[in-house]
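What holds the inside of a protein chain together? Look at the structure below, then read on about its disulfide and its nonpolar cores.

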Amino acid sequence: MSRSHGTRSVRAGRILALAAAGLLLAACSGPGGEQGGGDGAPQQQPSQDGPLRVAVVTHGTAGDAFWNVVKNGAEAAGRELDVQVEYNSDGDPGNQAKLIDNAVAQGVGGLVVSMANPGALRTSIQNAVSAGIPVITINSGDQQSAEFGALTHVGQNETIAGEAAGSRFAELGKTKLLCVIHEAGNIGQNQRCDGAREGFGGTVQTLQVDINNPTDVESRIRGAVQTDATIDAVLALNSQVATRAVAAIKSVDSKAEVATFDLNSDVVAALQAGEVLFAVDQQQYLQGYLPVSFLRLYRDNANVVGGGRPVLTGPDLVEQGEVDRIAEYVQRGTR
């Protein structure tokens with residue numbers, strides 16, 4: 001059982017209460033938010049009639065298991081709350097900004113955006129706000145969310161999550177940590193490694209890999225642990241990278257042990273087999289589900305959730321002793 005079980009139970013109760021509030025308002029209608037004027041090209045005004053239309057625009061890459069779960073959450077909320085959800089993603093910040101611009105031009109009633117590269121999205125998000133479209137940010141960019149005009153941010157604080165991972169490694173007696181960054185320019189990943197450095201207290205070094213080249217990911221991790229035999233801990237920031245890290249370490253009989261951010265079926269199996277020490281679960285299903293319900297509440301009841309602070313979905317440390325409890329949810333794509 002994870003040492004943070006009690007804290008998680010309280011947090012989970014609060015999250016479920018918020019989700020339940022969204023369900024109770026599914027059949028209600030009420031006053032919408034104020035509408036502002038947009039700049040630039042002519043735009044459709046967000047409609048207050050009929051089903052709410054929400055555009056979800058993330059930086060996920062095609063086929064990424066993590067973002068598939070976010071999408072599942074957003075679409076489930078759409079079905080339950082009579083919200084039309086349109087999900088699009090692009091790992092290139094410039095292309096992601098264009099997707100946001102397109103949603104604004106089409107006059108969507110709400111916008112959900114992940115901000116791995118906040119600077120590249122600033123203008124597009126601020127234009128959405130100026131056009132009277134309520135915005136909720138998710139996953140990354142929590143420190144810039146309010147500055148850009150978003151209603152709130154839904155996700156985990158990456159620095160706090162990194163600290164939790166680093167502290168857990170330290171408790172397990174590790175002395176040298178390798179933190180593997182798989183997306184160049186992703187502010188959240190740097191924050192995770194910085195947090196891990198704070199929580200760990202020992203020596204931490206980073207390794208840059210490219211998640212789009214799995215063979216190279218494995219090769220670089222193998223080279224790092226083979227070159228430096230004192231590395232006894234590897235922190236992957238993605239479940240797919242974790243799988244490659246486990247394979248790399250096995251191939252050179254390194255003493256290093258792996259932990260990771262995020263869950264998928266491979267990580268669940270690795271946790272059950274003792275090949276991964278723990279997973280930092282940010283419960284990304286909630287990062288899709290909650291913003292859609294919050295935008296419905298905002299339109300129908302003028303509710304703003306968070307009180308000016310992010311709504312946290314993690315971190316939740318999952319270890320071998322408790323992974324069986326959530327394995328079925330990972331399998332069905334909701335965890």
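This is a predicted model. The count of disulfides comes to one. In general, a disulfide is a covalent bond between the sulfur atoms of two cysteines. Here the pair is C179 and C193, with sulfur atoms 2.1 Å apart. The torsion about their S-S bond is about -85°, so this disulfide is left-handed. C179 sits in strand β6, while C193 belongs to helix α7 (residues 187-200), so the bond ties together parts that are 14 residues apart in sequence.

Are the two cysteines buried or exposed? C179 has 0% relative accessibility and C193 has 1%; buried means under 20%, so both count as buried.

| Cysteine | Relative accessible area | State |
|---|---|---|
| C179 | 0% | buried |
| C193 | 1% | buried |

Now turn to the nonpolar cores. The largest one has 32 residues. Which members touch the most others? They are I221, V234, V258, L263 and L271. Several elements give two or more residues to this core: β6 (176-181), α8 (214-227), β8 (233-236), α9 (239-251), α10 (265-273), β10 (276-281) and α12 (323-331). The largest share, six residues, comes from α9.

Take V234 as an example. Leaving aside neighbours within four places in sequence, V234 is in contact with F169, L177, L178, V180, V225, A245, I249, A256, E257, V258 and A259. Another core lies apart from the largest one. This other core has 28 residues, among them F66, V85, V112 and Y289.

Definitions and conventions: Residues are numbered from 1 along each chain as its sequence is written. This is a predicted model: local features need pLDDT of at least 70, side-chain atom pairs count only at pLDDT 80 or more; totals for chains, interfaces and linings use all residues. Side-chain values use heavy atoms; hydrogens and water are left out. A nonpolar core is a set of buried Ala, Val, Leu, Ile, Met, Phe, Trp, Tyr and Cys residues joined through side-chain atoms within 4.5 Å. Buried means under 20% relative accessible area, exposed over 50%, partly exposed in between (1.4 Å probe, protein chains only). Helices (H or I, at least four residues) and strands (E, at least two) are DSSP runs, numbered from the N terminus. Contact means heavy atoms within 4.5 Å. A disulfide is a pair of cysteine sulfur atoms within 2.5 Å.
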